[in-house]
Amino acid sequence: MTEQVDAVVVGTGPGGEDIAIRLAEADLNVVAVERRLIGGECPYYACIPTKMMLRASEVLAEGRKVPDLAGQAKVFPDWLPVADRIREEATTGWDDEAALRRLETAGVRLVRGTGRLAARDQVTVSGPDGEQTFRARRAIVLNPGTEPLVPPIEGLSGTPYWTNRDAVTATRAPRSLLVIGGGPVGLEFAQAFARFNTAVTVVESQPRPLPAGEPEASQAISAALREEGVGLHLGRSVARVEHDGTHFHARLDNGQVLNVERVLVASGRRTDLGALQVGAAGLDENARTIPVDERMRAAPGIWAIGDVTGHGAYTHVSVYQSRIAAADILGREAEVASYRAVPSVVFTQPEVASVGLTEQQARERQLNVRTALTDITTGARGWIHQATQGIIKLVADADREVLVGATVVSPAGGEVLSMLTLAVHAEIPVRTLREMIYAYPTFHRSVVTALAALHI
């Protein structure tokens, strides 16, 4: 039988959970569909536990500096406190009971299972109790999230390789680790484990890590990782993987063989739109993303939010989109989506934070580009902290005399980025930014030096 409801939310990642609660609190009859954990990757396998890992590794790195700065200390890494904290404090043993209570308190009905479109206004859920079909009177919201993308490397399938989910649940740091992929996920895990005395090697097929960002940022973080002993094989790929029962043997495309205890696949993520059967709504099931308009509309009666929209695989983007979609579904006046100032942070040390356009993207848009680059290690705060790597790069539209992009590689780079995100979002004139008073000595004071070099 088909049950009539007001709204069906397929997927309860951060955005899906948020919009389900918003709609329910507006007195809509809402069904949320989830086949895994309420909250998605972020609280259980990504944002929160990985930053706990990185925080622990940061404490180790700081402890190792004591002989140079403050006296005598010896550091003995132990992964068990990290694993215990992730299990007990962050994930409650990977249990989503608290999240379920949030939904139910708001009036949301959760249905466990895999949802797929049965028609433009219908969702069928396959779960432990069989199949159920719901017809949505007001809205269907698609928030399917993503799965780790496993590259078709010969021999990899069938081996006990890790994805981010396995690495987060590890109860000890491996003696050696090969990370396939030099993006944000790969680099964060690489540095965290390296600081726990894991011999880490990263293989990235592009000529530089974080290839979507500024080249100067890639150069700075590469140097920082190498200083900590992380091996980087750039412009290389893994051709074949074997597992002998205890170790992996990975052959690179240049013939080199890496023998490691663990392999972590961090080569991207994907959504299977075919499994979601979006073709029932006239959408392309072979596409990588679902196109949406400025109010998150994907098709009549269907909204999409989160990673699947292609506007950044970030929790903050998903929740931003959920607010806009909820207002549209409820017929309320609200802002339309704007992505000119989407911030992102890679939580390595130094952090790699960026917002807006890179220099290359700005030139591709045929803007009258001006750039400026400053070295934060030469500033007072960088010198105090003995920072060895760090930059601030600004990208400006000289015709409008505003910033259109910025990148910060620095301790607390994500915090430094906040003022630059505001500048890009609000299109604050460069002259106004120059006239501000910047606290001394701070990392963000290096923005003053960069602004002076813009020459606009």
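This is a predicted model: local features need pLDDT of at least 70, side-chain atom pairs count only at pLDDT 80 or more; totals for chains, interfaces and linings use all residues.
Residues are numbered from 1 along each chain as its sequence is written. Local features need pLDDT of at least 70, side-chain atom pairs count only at pLDDT 80 or more, totals for chains, interfaces and linings use all residues, and side-chain values use heavy atoms, with hydrogens and water left out.

An automatic or database domain assignment divides the protein into domain 1 (2-43 + 94-146 + 271-330), domain 2 (153-267) and domain 3 (343-453). Between domain 2 and domain 3, the C-alpha centres are 29 Å apart. Their contact (heavy atoms within 4.5 Å) involves 17 residues of domain 2 and 18 residues of domain 3.

Together the two domains bury about 1400 Å², with 60% of it on carbon and sulfur atoms; buried area is the accessible area (1.4 Å probe) lost when two parts are put together, summed over both. On the side of domain 2, E188, E214 and E216 provide 37% of the area buried against domain 3, more than any other three residues.

The interface also holds 2 salt bridges (a side-chain nitrogen of Lys or Arg within 4 Å of a carboxyl oxygen of Asp or Glu). E214 pairs with K393 in a salt bridge whose closest N and O atoms are 3.0 Å apart.

Where does the touching side of domain 2 come from? Helix 8 (184-194) and helix 9 (215-227) each give at least two of the residues that touch domain 3, and helix 9 gives the largest share, 7 residues. Helices here are DSSP runs (H or I, at least four residues), numbered from the N terminus.
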